[in-house]
Amino acid sequence: MAEEKTRVDFNAPASIVERADNVAELLNVSRTQLLIDALQDELDELINDEGFRSRLRDAYYDERIDFQTVKSVLGQEEAMRMKLLRASIDRDPPEPQVIAELPSDDEFYDGEVPVWRSEGAADDEDGESTA
């Protein structure tokens with residue numbers, strides 16, 4: 001299914017338009033197709049540029065741009081990652097807190113509470129030497 005198109009009208013320096021027309025004629029494509037390809041190449045290059053990505057992240061985390069903007073630029077998967085990270089940064093308090101009272105060891109283990117001992121300590125209790 002063909003994507004919906006939006007008409008774009010802008011002014012550009014005459015010399016650039018002349019160059020674009022000459023290149024389009026040489027490549028046997030329309031000026032519009034040449035501009036679409038050039039714009040797509042530029043956007044692809046920007047998306048892979050770490051400086052641009054940093055600016056995008058900063059704008060999103062500072063709430064200067066919204067999720068839909070990030071999604072339109074980076075795609076659904078990367079936008080969701082940023083959304084989850086921002087949610088974790090904004091969480092208050094930042095770490096989970098236990099609000100309810102913790103159960104006692106007897107209640108938690110439902111019987112005898114296991115005690116951890118190092119291997120050497122277990123040998124000492126049996127009367128055997130570890131040396």
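The side chains of Arg81 and Glu77 form a salt bridge, with N and O 2.6 Å apart. A salt bridge here is a side-chain nitrogen of Lys or Arg within 4 Å of a carboxyl oxygen of Asp or Glu. Both residues sit in helix α5, four residues apart, about one turn of the helix. Helices (H or I, at least four residues) and strands (E, at least two) are DSSP runs, numbered from the N terminus. An α-helix has 3.6 residues a turn, so residues three or four places apart point the same way.

Glu77 is exposed, at 56% relative accessible area. Arg81 is partly exposed, at 49%. The cut-offs are under 20% relative accessible area for buried and over 50% for exposed, with partly exposed in between (1.4 Å probe, protein chains only).

## Basis of the model

The model is predicted: local features need pLDDT of at least 70, side-chain atom pairs count only at pLDDT 80 or more, and totals for chains, interfaces and linings use all residues. Residues are numbered from 1 along each chain as its sequence is written, and side-chain values use heavy atoms, with hydrogens and water left out.

## Overall fold

The protein has seven helices and zero strands. Along the sequence the pattern reads α-α-α-α-α-α-α. Of its 131 residues, 11% count as buried.

Contact means heavy atoms within 4.5 Å. Among contacts with a separation of 6 or more, 19% join residues 24 or more positions apart. The accessible surface comes to about 11,800 Å², and 50% of that belongs to carbon and sulfur atoms. Accessible areas come from the Shrake-Rupley method with a 1.4 Å probe; for residues, only the protein chains shown count as cover.

## The nonpolar core

The largest nonpolar core has eight residues: Ile47, Leu56, Tyr60, Phe67, Val70, Leu74, Ala79 and Met82. Such a core is a set of buried Ala, Val, Leu, Ile, Met, Phe, Trp, Tyr and Cys residues joined through side-chain atoms within 4.5 Å. Helices α3, α4 and α5 each supply at least two residues of this core. Helix α4 gives the most, with three residues.

Val70 is one of the core residues. Leaving aside residues up to four places away in sequence, Val70 touches Tyr60, Ile65, Gly75, Ala79 and Met82.

## Helix α4 and its cover

Helix α4 spans residues 67–74, and its buried residues are Phe67, Val70 and Leu74. They lie on the same side of α4, because they cover an arc of only 65 degrees around the axis. The arc is that of the directions from the helix axis to the C-beta atoms.

Cover for these buried residues includes α2 (31–47), α3 (50–61) and α5 (76–90). Just after α4 comes Gly75, with a positive phi of about 100 degrees.

## From α1 to α2

The structure holds five salt bridges. One of them joins the side chains of Asp21 and Arg31, at 2.6 Å from N to O. Asp21 lies in helix α1 and Arg31 in helix α2, so this pair ties together parts that are 10 residues apart in sequence. Both ends are partly exposed: Asp21 at 28% relative accessibility, Arg31 at 41%.

Asn28 lies in the loop between α1 and α2. Asn28 has a positive phi of about 60 degrees, although it is not a glycine. Most residues other than glycine have a negative phi. Asn28 is exposed, at 72% relative accessibility.

## A nonpolar surface patch

Val23, Leu26, Leu27 and Val29 make a nonpolar surface patch of about 370 Å². Patches take residues with over 30% relative accessible area and no salt bridge; like charges are joined within 9 Å, nonpolar side chains (Val, Leu, Ile, Met, Phe, Trp, Tyr) within 5 Å. Leu27 belongs to helix α1 (residues 14–27). This leucine is exposed, with a relative accessible area of 51%.

## The α3–α4 loop

Glu63 is placed in the loop between α3 and α4. Its phi is positive, about 60 degrees, although Glu63 is not a glycine. Glu63 is exposed, at 58% relative accessible area.

Asp62 forms a salt bridge with Arg64, where the closest N and O atoms are 3.3 Å apart. Both Asp62 and Arg64 are exposed.
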